[in-house]
Amino acid sequence: YSDPVENESFEVLNYVYPENLATAQAGTAITPRIIKLFSDLFEPYPYAKEKYGHAQFGWGGGMEHTTMSFMGSWGRQLIAHELAHQWFGNKVTCGSWEDIWLNEGFASYLEGLTIENFDGPASAQTWRNSLINNITSVPDGSTYVNDTTSDSRIFNQRLSYRKGAMILHMLRYKLGDDHFFRSIKNYLADPELSFGYARTADLQKHFETVSGTDLTEYFKDWFLGEGFPSYSLIWSQDPGNRLTLTVNQTQSHASVDFFEMPLQIQITGENGQKEILRLEITQNNQSFTIATPFKVTNIEIDPEKHIISKNNG
């Protein structure tokens with residue numbers, strides 16, 4: 001059976017077990033909406049001259065193939081993940097198993113973008129928090145795959161999928177939506193990469209070109225490096241409501257000396273007022289003095305869950 005795609009000449013063609021028809025139809029009905037979302041965010045579906053579709057098979061998860069993903073179930077997130085691979089994994093394929101995150105990290109992050117756009121920012125924040133909790137459950141591990149002979153290392157859910165997704169989200173948080181999405185559009189359209197192969201350096205180049213930011217240290221820390229930061233914040237406020245903050249950081253693994261990242265803090269006042277501040281953290285024992293419009297009673301670190309971190313205080 002088919003799910004029509006609005007304003008497009010192609011269809012979503014589905015092959016399912018007859019006894020599961022009703023369940024499959026209820027699940028795949030969302031696919032055209034997700035195709036439109038990804039097309040609006042990045043570029044039109046790359047295989048619109050042919051089709052997209054699903055074929056039911058006997059695994060618990062899914063397996064993408066160009067224009068036809070194999071599906072073991074019909075949840076929205078699995079549909080979004082396998083569809084995302086048509087752009088990230090099929091149109092542009094990782095050039096080495098070392099860079100599998102270019103396939104799986106992107107597909108995982110597009111699951112999050114589906115949640116954000118269909119369910120709202122609060123649900124997306126909950127989703128990011130679940131990723132952060134899993135990533136930080138172990139103090140080490142690099143998204144860069146240093147053993148390409150091991151299937152379990154290549155397709156490591158914590159590192160290739162979830163940490164890869166958060167590496168993308170932190171780039172979006174660091175650079176802003178305009179630079180983030182424009183960089184990815186350029187990456188997908190690059191004639192040297194389109195319907196071919198990419199390495200992490202190719203993606204980094206597009207982010208640097210659009211944003212004008214040197215991201216060498218970022219990729220060294222988050223992609224090649226292991227572990228995550230923990231932030232410690234000391235604060236005081238004078239009678240004129242000037243807030244003084246000093247921020248320190250420890251790292252869970254010795255491969256990274258310091259994670260240079262903007263840090264959000266949320267200040268709360270005695271009457272419940274809230275305001276989010278952004279601190280550009282580049283070194284330990286860094287201090288900031290900020291005029292605030294109210295007396296602060298509480299401070300929360302990374303309230304919107306933009307950074308892979310743990311044990312902040």
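The model is predicted. Helix α5 runs through residues 121–135. α5 is among the elements that give two or more residues to the lining of the largest pocket. α5 also supplies at least two residues of the lining of the largest cavity.

**Helix α5: length**

- α5 has 15 residues.
- From the first C-alpha to the last, α5 reaches 21 Å.
- That is close to the 21 Å expected at 1.5 Å a residue.

- Which residues of α5 are buried? They are Ala124, Trp127, Arg128, Leu131, Ile132 and Ile135.
- Seen down the axis of α5, these buried residues fall within an arc of 140 degrees, so they line one face of the helix.
- An α-helix has 3.6 residues a turn, so residues three or four places apart point the same way.
- Ala122 and Thr126 are exposed, and they sit on the face of α5 turned away from its buried side.
- What covers the buried residues of α5? The cover includes α4, residues 101–119, and α7, residues 157–175.

**The largest pocket**

- The largest pocket holds about 350 Å³ of space.
- Its lining has 20 residues.
- Which of them are closest to the pocket's centre? They are His81, Glu82, Glu104, Gln157 and Tyr161.
- The largest share, five residues, comes from α4.
- By type, the pocket lining divides into seven nonpolar, eight polar and five charged residues.

**The largest cavity**

- How many cavities of 30 Å³ or more are there? The count comes to one.
- The largest cavity has a volume of about 30 Å³.
- Its lining consists of Tyr109, Gly112, Leu113, Glu116, Ala124, Trp127, Arg128 and His169.
- Ala124, Trp127 and Arg128 line this cavity, and they are also among the buried residues of α5.
- Which helix gives the most to the cavity lining? α4 does, with four residues.
- By type, the cavity lining divides into four nonpolar, two polar and two charged residues.

**Helix α4 in brief**

- α4 is part of what covers the buried residues of α5.
- α4 provides the largest share of the lining of the largest pocket.
- α4 also gives the most to the lining of the largest cavity.

Notes. Residues are numbered from 1 along each chain as its sequence is written. This is a predicted model: local features need pLDDT of at least 70, side-chain atom pairs count only at pLDDT 80 or more; totals for chains, interfaces and linings use all residues. Side-chain values use heavy atoms; hydrogens and water are left out. The expected span of a helix is 1.5 Å times one less than its number of residues. Buried means under 20% relative accessible area, exposed over 50%, partly exposed in between (1.4 Å probe, protein chains only). The arc is that of the directions from the helix axis to the C-beta atoms. Contact means heavy atoms within 4.5 Å. On a 1 Å grid over the protein atoms alone, a cavity is a set of points where a 1.4 Å probe fits but cannot get out, and a pocket is an open set with protein on both sides within 12 Å along at least five of seven lines; lining residues have an atom within 4 Å of a point. Grid points are joined across faces, edges and corners, and a volume is the space filled by probe spheres set on the points. Ala, Val, Leu, Ile, Met, Phe, Trp, Tyr, Cys and Pro count as nonpolar, Asp, Glu, Lys and Arg as charged, and the others, Gly among them, as polar.
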